[in-house]
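Me: I would like to go through this model with you. Could we begin with the core?
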Amino acid sequence: MQISRAWLDRISAAKKRANDEQLMRQIKRGDRQALGILYERYNQRLYRYLMRMMGGNTEQAADLVQDIFITVLDNAQQFHEDRLFAPWFFRIAHNRCKNEYRFMNYRNHATTNDYHLSLSEETILNHIEESDFRKALESALMHLSLEKRSMFLLRFEEHLTLKDIAKILNLPMGTVKSRLHYTLKQLRKQLQAFNPSNKEVNYDKNM
Amino acid sequence: MTKTCNSFKDLIDRSQYEHLIAEDASALKEHLNVCRECRKYQALYTQITKAVDTPMAMDHTVRNRIKHFILDHYRQQNKPTDNLRHKLLMLFGRPIPLYQSILLVLSILIIFIYVSRKKPNNDHAMPQRAEYYHTQSLNLPRVLTNGDIKLMQHQMNGINMTADTMFSVIAITDM
Ligand SMILES: [Zn+2]
């Protein structure tokens with residue numbers, strides 16, 4: 001009994017060390033524990049992505065987390081193990097958001113609780129808090145198109161490569177680069193007032 | 001060729017999503033050491049990256065509820081017997097005891113195989129039949145001649161039969 005317990009512990013430790021693609025292979029074979037590990041690994045990342053995609057609607061984000069994992073399971077047999085899991089997973093998530101947007105005019109809803117527009121520039125300059133900046137960023141993200149927002153999040157939140165992002169969004173690499181460049185400029189404009197360096201940032205000591 | 005602040009700002013933008021070539025990277029680094037404006041420009045990106053990287057935790061109970069839902073869905077998906085049970089339920093309109101049914105079908109199959117393997121031996125032991133009627137020929141309407149009827153009347157001693165009653169006897173035996 002003791003031996004079998006130790007043996008099971010060793011198997012589960014090995015599974016926890018397995019990469020995403022190996023876990024997917026086990027899931028395809030019907031391994032429930034592998035699915036539990038993959039869920040623990042990805043649920044928070046996915047939730048954060050969806051929260052920002054959906055403008056901070058917690059219930060909707062949670063519902064989508066569930067839907068997306070179910071889609072992953074229903075399509076698991078189509079996943080090729082020689083590919084990376086994260087881009088495949090976020091492609092499903094991105095497409096799900098796109099569908100969600102078709103059913104609602106989200107842009108209008110998002111601008112009603114626009115955070116940074118309600119603050120005067122003076123207030124901003126005097127109280128640049130990290131949380132304020134975060135809220136301003138989230139609000140600015142909601143002013144981007146769905147595709148640009150997704151692109152930005154996949155790059156800066158999920159740290160995916162440009163190649164992976166191109167695959168997820170089904171766009172050529174050059175287009176991803178130019179749109180990302182444009183998006184950064186657009187965000188800069190909106191967040192300029194929140195730039196902490198406006199308050200004097202002691203950047204380096206090497207000067 | 002000396003670069004302007006604008007071209008360095010462009011490099012700063014690009015460095016957010018792709019690797020700069022070594023030459024550009026070192027030129028930018030040197031410029032940032034001396035230009036406050038470009039440092040300010042870059043600081044906003046640092047701030048954005050930091051803000052985006054903050055974790056957003058899903059409520060603990062919601063997270064667990066979703067986990068159980070997903071695991072349940074997966075268990076259903078991986079139970080082929082459940083699929084079969086569901087199909088049987090759809091077919092018969094009532095729950096069918098699956099394992100008992102499988103046992104019953106298997107027993108019938110075994111008995112059938114056993115019987116069909118024994119049959120040729122019995123046939124072999126039987127005396128050869130003189131004639132076999134082909135099923136198709138049995139179904140064909142047979143026309144009896146007067147001679148046939150007389151012969152049959154002769155065979156059925158003591159019973160007086162008309163041609164009509166003979167027909168019905170033949171019809172019944174044929175069935
Ligand atoms: Zn400069």
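Me: How many residues does the largest nonpolar core have?
Reply: The largest nonpolar core has 86 residues, and those with the most contacts inside it are Phe90(A) and Phe152(A). Such a core is a set of buried Ala, Val, Leu, Ile, Met, Phe, Trp, Tyr and Cys residues joined through side-chain atoms within 4.5 Å. Buried means under 20% relative accessible area, exposed over 50%, and partly exposed in between (1.4 Å probe, protein chains only). The largest share of this core, 12 residues, comes from α3(A); helices are DSSP runs of H or I of at least four residues, numbered from the N terminus.

Me: What is the basis of these values?
Reply: This is a predicted model, where local features need pLDDT of at least 70, side-chain atom pairs count only at pLDDT 80 or more, and totals for chains, interfaces and linings use all residues. Side-chain values use heavy atoms, without hydrogens and water.

Me: Which residues does Phe90(A) touch?
Reply: Not counting residues up to four places away in sequence, Phe90(A) touches residues including Tyr42(A), Leu46(A), Leu154(A) and Ile168(A). Contact means heavy atoms within 4.5 Å.

Me: Is Cys97(A) buried or exposed?
Reply: Cys97(A) is buried because its relative accessibility is 0%. Cys5(B) is partly exposed, with a relative accessible area of 26%.

Me: And which residues are exposed on α4(B)?
Reply: Thr61(B) and His68(B) are exposed, on the face turned away from the buried side of α4(B). What covers the buried residues of α4(B) includes α2 (20–28), α3 (32–53) and α4 (58–74) of chain A.

Definitions and conventions. Residues are numbered from 1 along each chain as its sequence is written. Chains are lettered from A and ligands numbered from 1 in the order in which they are written. Helices (H or I, at least four residues) and strands (E, at least two) are DSSP runs, numbered from the N terminus.
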